[in-house]
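Dear colleague,

I am passing on the structure we spoke about, with the sequence alongside.

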Amino acid sequence: MRATPYVLLVALGCGGQRAEGIVVTFPASAVGREAELLAAQLRRFSRLHPEITVELRRTPDAADQRHQLYVQWLNARAADPDILQLDVTWTAEFAAAGWILPLERFAADVTDFFPATVRANRWRGELFALPWFADVGMLYYRTDLVARAPATFAELVELAERGRGAGARFGFVWQGARYEGLVCVFLEHLAGFGGEILDGEGRVVVDAAPGIRALTFMRDAIHGSGVVPEAALNWQEEQTRYAFQNGEAVFLRNWPYAWPLMQDAAKSRVAGRFAVGLLPSAPGGSAGAALGGSQLAINANTEHPEAAWRVLRFLTAPEQMLERAAVLGQFPPRVSLYEHPELALPIPAGQVRALIEHATPRPVSPVWAELSEILQVGLHRALTRQAEPEDALSRAAADLRATLERAGLSAR
Amino acid sequence: VRDETRIAWLFMLPALGAVGLIALFPLGWTAWESLHVHDLRMPWRGRPFVGLANYREALGSGRFWAALGHTLFFTVTSVGIELLLGLFLAVALHRTSRARGLLRTAVLLPWAIPTVVAALLWSFMFDSHAGVVNAVLAELGAMDREAPLVWLADAGAAWVPVILADVWKTTPFVTLLLLAGLQNIDRALYEAASSDGAGALQQLWHVTLPLLKPALLVALVFRTLDAFRVFDLVFVLTRGGPGTATEPIALYTFTALLNNLRFGYGSALAMLLFLVTFVLAVLYLRILGAGVGGSPR
C-alpha cells in the first residue's frame, strides 16, 4: 500500500504497455534524495524496457531491521521481493542458505569492479551479488593542526599528542562501543599490523602475533598514551563525528557519510579545515580500510530472474553509478569510473580510489554476525582492561573456531 | 458432594483452558525447541533433535555462569537496598501527618516512569564528559576533569548506574507495599508497648517488623523475581558491557535468540532461566505461606 506513489511514478514512465508486462519488486530505502534518485533511474529503465515494471517497496533503513525482514521472507521461500539490497556482510549468509541466485548464469561481467568489492560477494567461488556502491573506513585529520595524514601508527600518536598540546581535547577518536563498528576499527588496525581474522583457507588466525600487536596498540592508545579518550569505548559513529566536528579531536576514523555533514559550516566548527587519507600502518602491514556498502542480489525463488537481472545490470551500469556519485556522494565500485571526466565526488577521486584499493572486507562467512559478536566481546574486554589482549584474543579465537565447527565451516 | 465437585471442575474448565493456552503451551513449545538444533543463520543444518546437547553447551559455557553470577549479584544488591530504603520511607511516610497525599505521589513518581526512559536518564547522568555525576564529582574535587571516570567502560563502576537506576525506580513499589502493611497494624499495640516502656527501636523490632513480615515477604518475592529477569534496564544502560561484565541471563538469552538466531540454544537458556525463577518462586511461596498462615500474636 505504502509503495503506491512510487508504483505510479514508475508506471508513468512506461506508458500504456504496463498491462501485459512483468512486475518485479524491489524493497529499498524510501526516504529522501536516495529514494527520489532511485525512482528517477527506474523511470529511465522503464523507457528502455517497457515490458518490465519495477515496484519499489518501502523497507526500514536500519540494517538490523532490514536483515530481519529479509530472513523472514526468504526463509519462507517467498518469491517476492525479486531484488534485494544487501549489506556487504550478508551476501555469504544468504548465498549459503540458498536464498539468492548465483549470477554466473547471466554471464555477469565484474572485471571492471574493484577486486575487494567482488570478493565480498563471492561464496564458494561463485558470484552472488553485484556491488552497488562502496563504503570505506578512512582517517579524517585536521589540516590546521596536522600537515598530512600520518603513514605509521607511531607517527599518528606523535602528531595526536602534539595536537593535544596545541589545544585539541582528544588525539584520535574511533568507534569503541561493543558493536559491529568496533570490529571494523580493529580490522583496520589489524591490516595495518599485517594480520587477518581468517586466513585464505578460512582458518582463525586473529590470535596470532599481528592481532595481539594491533589490539595492544589500541589498548595502549587509550590507557597508555591516552591519545584515544576512554569515553570512545562507548561511542559509535555519531559521537565520534560530533567530537571531531566540534573541533575537539585531531584525528577521526569514520565512513564517507561524515564528510558532507562536517563541511556544513552552519553546524560544524571544522568546515574547510579537514582532509581525509588512509589509516596508518606499521612495518610489515599495509593500511586497512574496512569495506562497507550495498550490493544487489536476486531472490532464488523469483519468477522473473531475467527481468530482475536486467534491473541489476541497469542499476550497476556506469551511467547510474556516476549519477549516484554526483547526487548522493556514494563511491562507485567500478575502477574505470575513476578515470571518467564526469565523476563528481566530494572527496578527490584519486584519494577515493586509493582508499577502495586498500579496502579490507570483513571475513566472508555465512555466520559473520555470530563471529562478529564473539569478536566484539573479546575486543571490548581487552580494551576495558578486563583481560590482556593475548588472553582475550585466544579466548575469542577458541569461540570463533567452535562456531565455525558447529556451522560445518571449519577449514579442512 | 461428588456432583458438586464435578460441576466445579466444569466451571473451571474455561479458565484452566485459558491458562493452558497462555502459559503452558508456549512453555511446552520452548521446552521442545530447546531439544533441537535450530539455527536460522545456519539453515543447512536443518532442525535435528539433539536431546540435551543445548543444555550441556549452556552449562559448559563460561558466559552462562558469568551471566548467572551477574544476575545474582544484581538481584541481591538491588533488592537488599530497595527493602531497606523502602522500609525507611514507609515508616517515615506512615508517621507524617501533613501533606500525605502529595508526599506519596512524589515518592511514586519514579515508579511511573517507563524503565527504558529511566535507563536513558541515568545513562545521561553518568556520561563521562557531559554527565551531571562527573560534573558534581569534579566540583567537589573528587575527580580530575581532564581524566574523568568513564563509568560504563569500567567493569566494576558500570554496576553503579545500573543498581542506582533500579533502586531509584522500584523503591517506591516496595514503599507502597510496606506502607499498606504498616496501616494494617493496630495502633493499640504501640500504645501497649509504650506503656510497657518499650522505646522506638524496641517497638520497631518487636511490634512493627513481626507484623510487617507478610508485606515484607510479598515485596521480597515480587522484587526478587523481577530483578532476576532484569533485561530492559541493562539493555539500554550498558548493553551488558563493558565486554560482558554486566550481562544478565535474560540479555544473554536475547543475544542467542535474536542476534545469533539460535532458537534451540536460546530456548535452552530461556528454560534454565525459567527453572531458576520457578524454584525461587516455589521457595518463596512456602515461606510466604507460612508467614501469612501463622497467626500474628
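Residues are numbered from 1 along each chain as its sequence is written, chains are lettered from A and ligands numbered from 1 in the order in which they are written, and side-chain values use heavy atoms, with hydrogens and water left out.

On confidence, the model scores ipTM 0.87 and pTM 0.89. Within chain B, helix α2 (residues 53–59) has the highest confidence, at 96, and helix α12 (residues 263–293) the lowest, at a mean of 84; helices here are DSSP runs of H or I with at least four residues, strands are runs of E with at least two, and both are numbered from the N terminus. Two stretches call for caution: pLDDT stays under 50 over residues 1–19 of chain A, for which the model has 25 contacts (heavy atoms within 4.5 Å) beyond four places in sequence, and also over residues 293–297 of chain B, for which it has one such contact. Where pLDDT is low, the predicted coordinates should not be read in detail.

Turning to the interface, 29 residues of chain A are in contact with 27 residues of chain B. The two chains bury about 2400 Å² between them, 53% of it on carbon and sulfur atoms, where buried area is the accessible area (1.4 Å probe) that two parts lose on being put together, summed over both. Arg178(A), Glu370(A) and Arg406(A) supply 23% of the area that chain A buries against chain B, more than any other three residues.

Across this interface the rule finds three salt bridges, each being a side-chain nitrogen of Lys or Arg within 4 Å of a carboxyl oxygen of Asp or Glu. In one salt bridge, the side chains of Arg41(B) and Glu93(A) meet at 3.2 Å, N to O. On the side of chain A that touches chain B, α3 (63–75), α4 (91–96), α14 (368–383) and α15 (389–406) each supply at least two residues, and α14(A) gives the most, with six residues.

Over all chains the count comes to 38 salt bridges. The side chains of Asp80(A) and Arg57(A) meet in a salt bridge of 3.1 Å, N to O, and this pair links distant parts of the chain, with Asp80(A) in the loop between α3 and β3 and Arg57(A) in strand β2 (residues 52–59), 23 residues apart.

Asp80(A) also takes part in a backbone feature, as the peptide bond from Asp80(A) to Pro81(A) is cis, with omega near 5°. In chain B, a cis peptide bond joins Gly241(B) and Pro242(B), with omega about 0°, and Pro242(B) is found in the loop between α10 (232–237) and α11 (249–259). Arg385(A), found in the loop between α14 and α15 of chain A, has a phi near 55°, a positive value in a residue other than glycine. For context, most residues other than glycine have a negative phi, and most peptide bonds are trans.

Finally, the 34 residues of helix α3 (residues 62–95) of chain B should span 50 Å at 1.5 Å a residue, and its end C-alpha atoms are 49 Å apart, which agrees; the expected span is 1.5 Å times one less than the number of residues.

With best wishes

Key: This is a predicted model: local features need pLDDT of at least 70, side-chain atom pairs count only at pLDDT 80 or more; totals for chains, interfaces and linings use all residues. pLDDT is the predictor's confidence in each residue, from 0 to 100.
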